[in-house]
Amino acid sequence: MTFSLTRTLSHPSLGVALMSATLAFSASVKAQENEPLQEVSIALGSQVLNVTYPWLMMPVALGYWRDEGYDVNVVGVQGSLQGLQMMASGGVDLVQFNSSVLIQANVENGISARGVMGNGVIDWGLGVKEDGPIQSIDDLKGKRIGIVSLATGGVPMLRALLRQNGIDPDRDVNIVAVGAGTQALQALRSGQVQGLMFWQSALTSFENAGTELRILRDPEWREMPDFTLGTLQSTIDEDPEMIEAIVRGANKATLFAMTNPECVRRIHWEHFPSTKPTGADTETLEQWDLNLLNAQLDTMRSAYELHGGELLGYVDPDAFVGIQEFLYDSEMIGDTIDTDELVIHREGFFEATNDFDHEEIIESAKNCDVMGSSQS
């Protein structure tokens, strides 16, 4: 099964359809009376806006973006590619996407997308039943592999992983979209698919639900950047102050989450009750969500170190060299570019996005005054 970014982006009407198909969920801040806020929209390549996205959800819950003067709407979509298409057509201002999609946009489609905040390393993996017959990638030949969507940035990673192990992704396996959550897990349990290609926090959620998994992945992936907050160069040129404010608010939330994950879990449940998991007692549900959040925080910390370990959210162009070579060698892209072109270039930008009282955020997280956090 092949997938073409070019083919996806060639349908301008898709952006409108995707907007209407997005979850009826809006992580938005109410504009204060007589103080209208500038509206900003961010597409997230996941339709499950749960506790695993603290840098996007906590600025809403804690009022960080409102304090900067922005009314932010986080929109869940089916995958990174769809988020990119929406941004390219003017439907959203920023998109949270995979590094592979950022690179493909610039190399294959001539879309001047720029990374403005690094959020994770590649933590995708191919989960198979621990007690099943599949012991290695080789054993997947002739099998069906499920993935959240054929528009997700995980597709290039899966295809490359298969090729590295001598499996033709177009002939030797069948890659199918299985959605997320319970729907995806049931596909594995029922034998509809024999493997699930997902990011780590999603794989953790499957294990939370009682399915023991063997995770197959390339160990070198953890040394490559993945989840990145990005926007168009034209948006940076037109409204650099907005981009700076959005990243600064997200950096505050990142520091808050890294300081006190349990507090994030409590605040998220309070502000976004529809995302609270079900199916078990409260203590178990709390532990499940904490497991998910900690899995995400692991990749966020790895990204922080990969991008230099000094400035929150910093995006190092050199970090993309390895992933671009990987995509080129795997025939996911037909050319390469200077990785400087993948990253925002504004003098002092990353310093400005870290220009806030870090100790104040840390103390706020440690104290976790949940009721005091209700600023919507």
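Reader: Which residues are buried in H7?
Author: In this predicted model, the buried residues of H7 are Gly-154, Val-155, Pro-156, Met-157, Leu-158, Arg-159, Ala-160, Leu-161 and Leu-162.

Reader: What makes helix H7 (residues 154-164) count as mostly covered?
Author: The count does: 9 of its 11 residues are buried. A residue is called buried if its relative accessible area is under 20%. After H7 comes Gly-166, which has a positive phi, near 80 degrees.

Reader: How much of the protein chain is buried?
Author: Buried residues are 58% of the 376 residues in the chain. The chain holds 16 helices and 10 strands. Its contacts also reach along the sequence: of those between residues at least 6 apart, 79% join residues at least 24 apart.

Reader: Why is Asn-50 called buried?
Author: Its relative accessibility is 15%. The cut-off for buried is under 20%, so Asn-50 falls on the buried side. Asn-50 sits in the loop between strand E1 (38-44) and helix H3 (54-61). Beyond its neighbours within four places in sequence, Asn-50 touches Met-57, His-268, Thr-275 and Leu-292.

Reader: How do you know that the side chains of Asn-50 and Thr-52 make a polar contact?
Author: The distance between them is 2.5 Å. The limit for a polar contact is 3.5 Å, so this pair is within it.

Reader: Why does Ser-46 count as buried?
Author: Ser-46 has 6% relative accessibility, which is under 20%, so the word buried applies. Ser-46 is in the loop between E1 and H3. Setting aside neighbours within four places in sequence, Ser-46 is in contact with Tyr-53, Gly-76, Val-77 and Trp-199.

Reader: How far is the backbone nitrogen of Val-48 from a polar atom of the side chain of Ser-46?
Author: The two atoms are 3.2 Å apart. The cut-off for a polar contact is 3.5 Å, so this distance is within it.

Reader: Why is Gly-308 called partly exposed?
Author: Gly-308 has 49% relative accessibility. Exposed needs over 50% and buried needs under 20%, so Gly-308 belongs in between. Gly-308 lies in the loop between H13 and helix H14 (320-329).

Reader: What makes a space a cavity and not a pocket?
Author: In a cavity a 1.4 Å probe fits but cannot get out, whereas a pocket is open. The structure holds 2 cavities of 30 Å³ or more. Of the 17 residues in its lining, Asn-98, Trp-124, Trp-199, Asp-226 and Phe-227 are the closest to its centre. The lining of this largest cavity has 5 nonpolar, 10 polar and 2 charged residues.

Reader: Which element gives the most to the lining of the second largest cavity?
Author: H13 does, with 3 residues. The elements giving two or more residues to that lining are strand E4 (113-118), helix H11 (240-259) and helix H13 (282-306). The volume of the second largest cavity is about 90 Å³. Its lining has 7 nonpolar, 5 polar and no charged residues.

Reader: How much space lies in the largest pocket?
Author: The largest pocket holds about 780 Å³. It is lined by 31 residues, and the closest to its centre are Val-48, Asn-50, Gly-181, Thr-182 and Ser-205. Helix H8 (181-189), helix H9 (200-208) and H13 each give two or more residues to the lining. By kind, the lining of the largest pocket has 15 nonpolar, 13 polar and 3 charged residues.

Key
Residues are numbered from 1 along each chain as its sequence is written. This is a predicted model: local features need pLDDT of at least 70, side-chain atom pairs count only at pLDDT 80 or more; totals for chains, interfaces and linings use all residues. Side-chain values use heavy atoms; hydrogens and water are left out. On a 1 Å grid over the protein atoms alone, a cavity is a set of points where a 1.4 Å probe fits but cannot get out, and a pocket is an open set with protein on both sides within 12 Å along at least five of seven lines; lining residues have an atom within 4 Å of a point. Grid points are joined across faces, edges and corners, and a volume is the space filled by probe spheres set on the points. Ala, Val, Leu, Ile, Met, Phe, Trp, Tyr, Cys and Pro count as nonpolar, Asp, Glu, Lys and Arg as charged, and the others, Gly among them, as polar. Helices (H or I, at least four residues) and strands (E, at least two) are DSSP runs, numbered from the N terminus. Buried means under 20% relative accessible area, exposed over 50%, partly exposed in between (1.4 Å probe, protein chains only). A polar contact is a pair of N or O atoms within 3.5 Å; within protein, one must be able to donate a hydrogen and the other to accept it, and residues adjacent in sequence count only if both atoms are side-chain atoms. Contact means heavy atoms within 4.5 Å.
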